[in-house]
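User: I am new to this structure and would like to learn how to read its features. Could you take me through them in turn?

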Amino acid sequence: MAMTSTSPGGVAGAADLLETIVAATRHSVESRRRATPLERLEREAVRRPDGQAFREALRGSPAPRIIAECKRRSPSRGILRRDYAPAAHAAAYARGGAAAISVLTELTFFDGSLDHLAQVRSAVAIPILRKDFIVSEYQLVEAARYGADAVLLIVGALDDRELRALSIGAAGLGLATVVEVHDSAELARAVDAGADIIGVNSRNLRTLSVDRDVLERLAEAFPSGVIAIAESGIRTPDDIARLSALGYSAFLVGERLITEPDPGDALQALRGVRPGSDRGQTPRERMTSVKICGIRRVEDALLATELGARAVGFVFWPSSPRFIDPYRARSIVAALPPFVTTVGVFVDQPDEYVSGVARLLGLSAVQLHGQEPPDSYAGRAERVIKSVAVTDGRDWVAAVSAVPARATVLLDAHDPIKRGGTGRTIDWRTAAAAAKVRPIILSGGLTADNVREAIDTVRPYGVDVSSGVESSPGVKGHGKLRAFFAAVNTLS
C-alpha cells in the first residue's frame with residue numbers, strides 16, 4: 001500500500017495532509033458501506049455515466065477548455081463561500097462556457113457531499129467530474145449513482161494495484177478517470193497504468209505548497225494521445241495561454257472562480273470573453289438548453305436533436321393528448337444520439353410505475369407534474385424535474401425554494417386538467433425573481449415569436465416547449481421547430 005493509516009489524532013496540520021485525508025476517507029467509506037451495502041447501491045445506480053462525453057469535452061469543445069469547480073471549503077484557505085449553492089454555481093459555470101464541472105464531495109476537509117453532486121447533475125447537462133479521494137470501488141458506484149461522468153484518481157493516494165483496479169472498475173461503469181500526479185515518478189506510474197487523461201496538480205497535497213514550475217517540467221514528459229490537464233494556480237488568461245503553449249488541453253480551476261460574486265462572469269473573463277457576452281461561442285454553446293416535450297414520432301425527435309435540443313420529453317400520463325405508450329417510446333429512445341437527455345413526464349402516478357418505465361427506457365430524468373410529495377424524490381437514480389404550477393397570487397419564490405434541492409424546477413402555467421401543453425404564458429418578470437433563487441426551466445406558451453424575449457427576461461437554465469411547436473397535439477411542425485431554434489439562437 002502506498003498509504004498508511006494515521007493515528008486517530010491526525011489533523012489537517014499534520015506533516016502529511018494527504019495521508020490524513022485518505023485515512024479519514026477509508027473510515028467514512030466503510031461507514032457508508034455498512035449503512036448502504038454495495039449490492040443495494042448498485043441496484044440504485046440506474047443512470048449510465050457518460051465518460052466518453054467527458055473525454056470529448058476536453059478534446060472537442062472550444063478552447064480554452066475549463067473544468068470549473070464547485071467547492072465550499074479548502075484546507076489551505078478555509079471557507080471559500082458561505083452562500084455555497086452548488087446547483088446555482090454550476091448553472092452559472094455552464095452559461096459561462098465551462099467544458100465540464102468538478103464537484104468536491106469530500107466531507108471532512110472540503111465540506112463536500114454526494115448531495116452536492118446530485119444537485120449539480122440536476123442543474124446542468126454538461127459532463128461532471130466527482131473530485132474526491134477515491135480509494136474504493138464503492139466510491140465509483142456512488143459516483144455513478146449520484147450523477148458523475150468521471151472520477152479523480154490521485155496517484156499519491158494509491159498503490160499501483162489499487163490504481164489499476166480502480167481505473168478498470170471506473171471504465172466498467174462508464175466513468176472516465178482523471179489520474180492526478182504531482183511529480184515525474186507519479187506521472188510514470190499514471191502512464192504505466194494506462195491513463196488517458198492525466199492532471200498535473202501544482203499543489204502538493206501532502207504539504208499544500210504550490211510549485212507552478214511542475215506544470216512546465218512535466219509537460220515535456222507526456223506521451224502523445226494523453227489529455228493533459230493543468231490544475232491549481234491558474235488565475236489569468238495569460239496563465240492559460242502559457243500552459244496551452246506547453247501542450248495542456250484543459251484546465252481545472254476552483255478557488256479563482258468560486259470566490260467571485262458571479263462565478264459564471266469570472267469564468268468568462270478567465271476564458272477571455274467579456275463577462276455577460278456570448279462572443280466567441282458557437283451557436284450550440286450560447287443557446288439556452290432546450291427540451292422538446294410531448295414527443296410521439298421518431299422523425300420529430302431526430303429533427304429536434306439535430307437542431308440543438310439537449311432533451312426530449314415523453315408524456316406517460318394517459319389523460320394527456322400527447323400520451324405515448326412506453327414501448328413505443330422505447331423505440332424512439334433507441335434511435336436518439338447518446339448525448340440526448342430523455343425525460344419521462346408523469347402526473348401523480350404510482351412510484352412503481354414511474355420507476356418501471358424509467359428502467360424500461362433507461363430514462364435520464366423523470367418529470368413529476370402533479371402533487372407528488374417531496375419524499376417521492378428520495379432514492380431516485382434518475383434526475384428529477386419538478387413542475388411548479390404558477391397561479392396568480394402564489395409566492396413563486398417560496399414555492400421554488402420548497403422544492404428539494406436535488407430536483408430541477410420547471411415553472412409552467414397552471415391548469416388542473418391539461419397539466420402542461422396549455423399554450424398559456426406565465427409572468428416572466430416574476431419568474432425571473434424565482435430564477436435568481438435557483439436554476440429553473442421555463443415553460444408555458446413559448447413559441448418562436450416570444451421565446452427570445454422570455455429568455456432575455458427570465459434568464460432560465462433551460463426552456464421547455466410542446467404545443468408551441470406543434471401542428472396538432474403530439475405532432476411537431478418541422479417548420480415551427482426550425483423557427484423556434486432559430487429564435488432561441490438569436491442574440492439579443
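Analyst: Let us begin with an open space. Helix H1 gives the most to the lining of the second largest pocket, with three residues. The model is a predicted one.

User: What is the general idea behind finding such spaces, and which elements supply at least two residues each of the lining of the second largest pocket?

Analyst: Rolling a probe the size of a water molecule over the atoms shows where empty space is left. In this model, the lining of the second largest pocket receives at least two residues from each of helix H1 (17-35), strand E6 (150-154), strand E10 (250-253) and helix H11 (255-258). The space in this pocket is about 500 Å³.

User: How many residues line the second largest pocket, and which lie nearest its centre?

Analyst: The lining has 32 residues, and those nearest the centre are Lys71, Lys131, Arg203, Ser232 and Glu255. By class, the lining residues of this pocket comprise 15 nonpolar, six polar and eleven charged.

User: Ser232 has been named there. What is the value of phi for serine 232?

Analyst: Most residues other than glycine have a negative phi, and most peptide bonds are trans. In serine 232, phi is near 75 degrees, a positive value in a residue that is not glycine. Serine 232 is found in the loop that lies between strand E9 (227-231) and helix H10 (237-246). Arginine 459, also not a glycine, has a positive phi of about 55 degrees. The loop that holds arginine 459 runs between helix H19 (451-458) and strand E18 (462-465).

User: Which strands supply the lining of the largest cavity with at least two residues each?

Analyst: They are strand E11 (289-292), strand E13 (341-346) and strand E15 (383-390). E11 gives the most, with three residues. The lining of the largest cavity has eight nonpolar, two polar and three charged residues.

User: How do H4 and helix H12 lie to each other, roughly parallel or roughly perpendicular?

Analyst: The axes of H4 and H12 (residues 263-270) come within 7 Å and cross at roughly 30 degrees. Angles under 35 degrees count as roughly parallel, and H4 and H12 are therefore roughly parallel to each other. Their crossing is right-handed. His89, Ala92, Tyr93 and Arg95 of H4 make the contact with Pro263, Gly264, Leu267 and Gln268 of H12. By class, the contact of H4 with H12 has four nonpolar, three polar and one charged residues.

User: Which residues of H19 and helix H20 meet?

Analyst: Val451, Arg452 and Ile455 of H19 meet Phe484, Ala487 and Val488 of H20. By class, five residues in the contact of H19 with H20 are nonpolar, none is polar and one is charged. The axes of H19 and H20 (residues 478-488) come within 8 Å, with a crossing angle of roughly 35 degrees. The crossing of H19 and H20 is right-handed.

Technical notes. Residues are numbered from 1 along each chain as its sequence is written. This is a predicted model: local features need pLDDT of at least 70, side-chain atom pairs count only at pLDDT 80 or more; totals for chains, interfaces and linings use all residues. Side-chain values use heavy atoms; hydrogens and water are left out. On a 1 Å grid over the protein atoms alone, a cavity is a set of points where a 1.4 Å probe fits but cannot get out, and a pocket is an open set with protein on both sides within 12 Å along at least five of seven lines; lining residues have an atom within 4 Å of a point. Grid points are joined across faces, edges and corners, and a volume is the space filled by probe spheres set on the points. Helices (H or I, at least four residues) and strands (E, at least two) are DSSP runs, numbered from the N terminus. Ala, Val, Leu, Ile, Met, Phe, Trp, Tyr, Cys and Pro count as nonpolar, Asp, Glu, Lys and Arg as charged, and the others, Gly among them, as polar. Axes are lines fitted to C-alpha atoms, for helices over the stretch in contact, and angles run from 0 to 180 degrees between N-to-C directions. Angles under 35 degrees count as roughly parallel, over 145 as roughly antiparallel, 65 to 115 as roughly perpendicular and the rest as oblique. A crossing is left-handed if the near helix is turned anticlockwise from the far one by less than a right angle, and right-handed if clockwise. Contact means heavy atoms within 4.5 Å.
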